[in-house]
Amino acid sequence: MEFLLGGAAACCAGVITNPLEVVKTRFQLQGELRSRGCYSIHYKNVFHAFYAVVKGDGIFALQKGLVPALWYQFFMNGVRLGTFHCFEKIDFIKNSHGDVCVYRSICAGALSGCIGSLIGSPFYMVKTQLQAQSAGCISVGYQHHHHGMFEAFSKIFGQHGFLGLWRGVNGAMARVTIGSAAQLATFSKSKNVIDKAELFPRDSVSSALAASTLSGAVVVALMTPFDVISTRLYNQGVDSRGKGLLYSGLCDCFFKIFSTEGILGYYKGWSASIIRLGPHTVLSLMFWNELRKYYHQLSAPEDVDFLQP
């Protein structure tokens with residue numbers, strides 16, 4: 001049930017933040033492997049990007065890739081949050097004094113994220129490719145011309161086989177491992193500190209909101225470079241053998257971005273990432289916390305401290 005609750009929470013957040021995900025993807029692909037000043041800027045800032053997408057592709061383009069995005073959120077975050085809760089239940093993330101241990105939380109969060117990203121990778125790849133598709137006047141990155149999630153899966157499987165659905169998974173695993181470790185570890189520790197300090201009522205919405213806000217800030221700072229790399233690996237075109245046309249893998253992508261775009265290349269779309277990732281982190285953790293609370297109140301109303309870290 002914890003896996004279902006985690007997935008449902010992430011889907012609720014995903015519906016709200018998907019337009020920001022579309023804009024973030026466009027920013028990350030703009031000027032791919034080109035030096036600053038050597039490419040056309042279709043998206044100047046977040047607000048201009050929303051305007052450009054609506055003008056060029058229509059209002060519904062802001063929800064491009066929503067279906068695979070929600071499936072990805074359900075599988076990846078369902079497994080990630082559910083696995084992390086299993087670590088919580090066996091007290092893996094606590095020390096001998098019963099307090100949340102930072103390094104154990106990081107390990108549990110990283111492992112949970114790694115497993116979740118592996119399972120959800122095909123959905124994230126299709127989501128990225130659908131969100132990158134745009135009218136010629138504002139197109140960035142490789143254009144795959146999919147007509148929907150199922151057609152994309154059928155095309156990829158038919159051309160490159162089962163393993164083709166997991167192309168670029170190494171970048172995604174690095175991205176989510178770093179992000180999950182930062183998110184879940186800081187959320188658990190922050191919530192533990194906030195509850196101990198009695199700043200808000202224990203297990204209240206305010207407590208979860210404060211902890212998830214702090215967690216979101218840390219995630220944005222640490223995960224953005226890996227997010228850019230993951231987007232590039234998923235969206236690049238491939239040859240007849242399924243090999244990437246631009247990058248051979250995570251390390252190759254890392255060095256090519258640095259050599260052509262510089263250190264700032266890793267932070268393309270950072271403003272969109274902050275606007276998207278912060279609220280998504282806050283919303284997913286808040287929904288997760290509240291759904292878990294509601295579920296356990298129904299199944300075991302006498303157990304009022306089930307969420308205590």
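This is a short walk through one protein chain, from the overall fold down to a handful of residues.

Before I start, a word on where the numbers come from. This is a predicted model, so I have kept to its rules: local features need pLDDT of at least 70, side-chain atom pairs count only at pLDDT 80 or more, and totals for chains, interfaces and linings use all residues. Residues are numbered from 1 along each chain as its sequence is written, and side-chain values use heavy atoms, with hydrogens and water left out.

Okay, the big picture. The protein chain has nine helices and zero strands. If you read along the sequence, you get α-α-α-α-α-α-α-α-α.

What about overall dimensions? The C-alpha trace spans about 60 × 40 × 35 Å along its principal axes.

Now burial. Of the 309 residues, 53% count as buried. Buried here means under 20% relative accessible area, exposed means over 50%, and partly exposed is in between, with a 1.4 Å probe and protein chains only. The accessible surface comes to about 13,800 Å², and 68% of that belongs to carbon and sulfur atoms. Those areas come from the Shrake-Rupley method with a 1.4 Å probe, and for residues, only the protein chains shown count as cover.

On contacts, meaning heavy atoms within 4.5 Å: among those with a separation of 6 or more, 77% are between residues 24 or more positions apart.

And charge. There are 27 positive and 19 negative side chains, with the centres of the two sets 10 Å apart. Lys and Arg count as positive, Asp and Glu as negative, and His and the chain ends are not counted. Each charge is placed at NZ of Lys, CZ of Arg, CG of Asp or CD of Glu.

Let's zoom in on the loop between α4 (102-132) and α5 (149-160), where Gln-143 sits. Is Gln-143 buried or exposed? Buried, because its relative accessibility is 17%. Its side chain makes polar contacts, that is, pairs of N or O atoms within 3.5 Å; within protein, one must be able to donate a hydrogen and the other to accept it, and residues adjacent in sequence count only if both atoms are side-chain atoms. A polar atom of the Gln-143 side chain lies 3.1 Å from the backbone oxygen of Ala-132, and the side chain also reaches the backbone nitrogen of Ser-134 at 3.0 Å. Leaving aside residues up to four places away in sequence, Gln-143 touches Ala-132, Gln-133 and Ser-134.

His-145 is in the loop between α4 and α5 too. At 54% relative accessibility, His-145 counts as exposed. Beyond four places in sequence, His-145 touches Gln-133 and Lys-155. Its C-alpha is 7.8 Å from that of Leu-130, 15 residues away in sequence.

The backbone of His-145 deserves a look: phi is near 60 degrees, a positive value in a residue other than glycine. Most residues other than glycine have a negative phi. Asp-91 also has a positive phi, near 60 degrees. Asp-91 is in the loop between α3 (66-89) and α4, and at 41% relative accessibility it counts as partly exposed.

Arg-276 is in helix α9, residues 270-299, and it is buried, with a relative accessible area of 5%. So what does Arg-276 touch, not counting residues up to four places away in sequence? Thr-17, Leu-20, Glu-21, Gln-73 and Arg-175.

Over in helix α6, residues 169-197, we find Ser-190. Ser-190 counts as buried at 14% relative accessibility, and beyond four places in sequence it touches Ala-211 and Leu-214.

That's my tour, thanks.

Terms used:
Helix = DSSP H or I, 4+ residues; strand = E, 2+ residues; numbered from the N terminus.
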